[in-house]
Amino acid sequence: MEPGGRGPVRLPGRALLRALKAAGHRLFFLSNMPEPYACYLEQHHDFLAWFEDGVFSARVKTGKPGLDIFHLALARFGVAPQEALFIDDHLENIQAAAQLGLPALHFTSAARLSQDLSARGLRLLDGFGPDATGGSN
């Protein structure tokens with residue numbers, strides 16, 4: 001159970017993340033997750049190892065869609081905005097990223113994201129591509 005007894009933590013597009021990592025793409029995360037959930041995730045879910053680094057907003061005391069957290073994350077990751085691709089499920093965060101010149105995609109489903117990534121020329125492995133759904137594990 002996740003903190004607060006709400007059930008297991010779910011990550012839509014987990015298989016797609018695995019495929020991106022397997023294809024050699026660098027992965028980072030930027031999350032507005034509260035501290036108890038971040039701790040739970042770190043202790044109980046191995047997929048965080050797929051990411052080179054990440055930022056939990058609770059730990060840096062600023063969050064999306066504020067621009068400070070984007071600046072902090074890009075500096076910490078050593079990545080220029082134009083070299084990155086930000087993916088988020090909230091449009092206000094996509095709009096904030098655009099203010100920094102950070103290319104962004106709105107996540108609505110793993111299948112749609114797979115299509116959007118392929119349209120940008122990002123190589124995917126493990127059966128992902130424009131016609132694949134990618135599942136949600």
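**Around Leu117**

Mentor: Happy to! Let us begin with Leu117, which touches Leu16, Leu20, Leu85, Ile87, Leu105, Leu122 and Leu124, leaving aside residues up to four places away in sequence; contact means heavy atoms within 4.5 Å. Keep in mind that this is a predicted model, where local features need pLDDT of at least 70 and side-chain atom pairs count only at pLDDT 80 or more, while totals for chains, interfaces and linings use all residues. Residues are numbered from 1 along each chain as its sequence is written, and side-chain values use heavy atoms, with hydrogens and water left out.

Leu117, Leu48 and Phe51 have the most contacts inside the largest nonpolar core, which has 17 residues. Such a core is a set of buried Ala, Val, Leu, Ile, Met, Phe, Trp, Tyr and Cys residues joined through side-chain atoms within 4.5 Å; buried means under 20% relative accessible area, with a 1.4 Å probe and protein chains only. Two or more residues each come from α1 (14–22), α2 (35–44) and α6 (110–119), and α1 gives the most, with three. Helices here are DSSP runs of H or I with at least four residues, numbered from the N terminus.

Now look at α1 itself. Its buried residues are Ala15, Leu16, Leu17, Ala19 and Leu20, and what covers them includes α6. Just after α1, Gly24 takes a positive phi of about 95°.

Terms used: Buried < 20%, exposed > 50% of the residue type's maximum accessible area, 1.4 Å probe, protein only.
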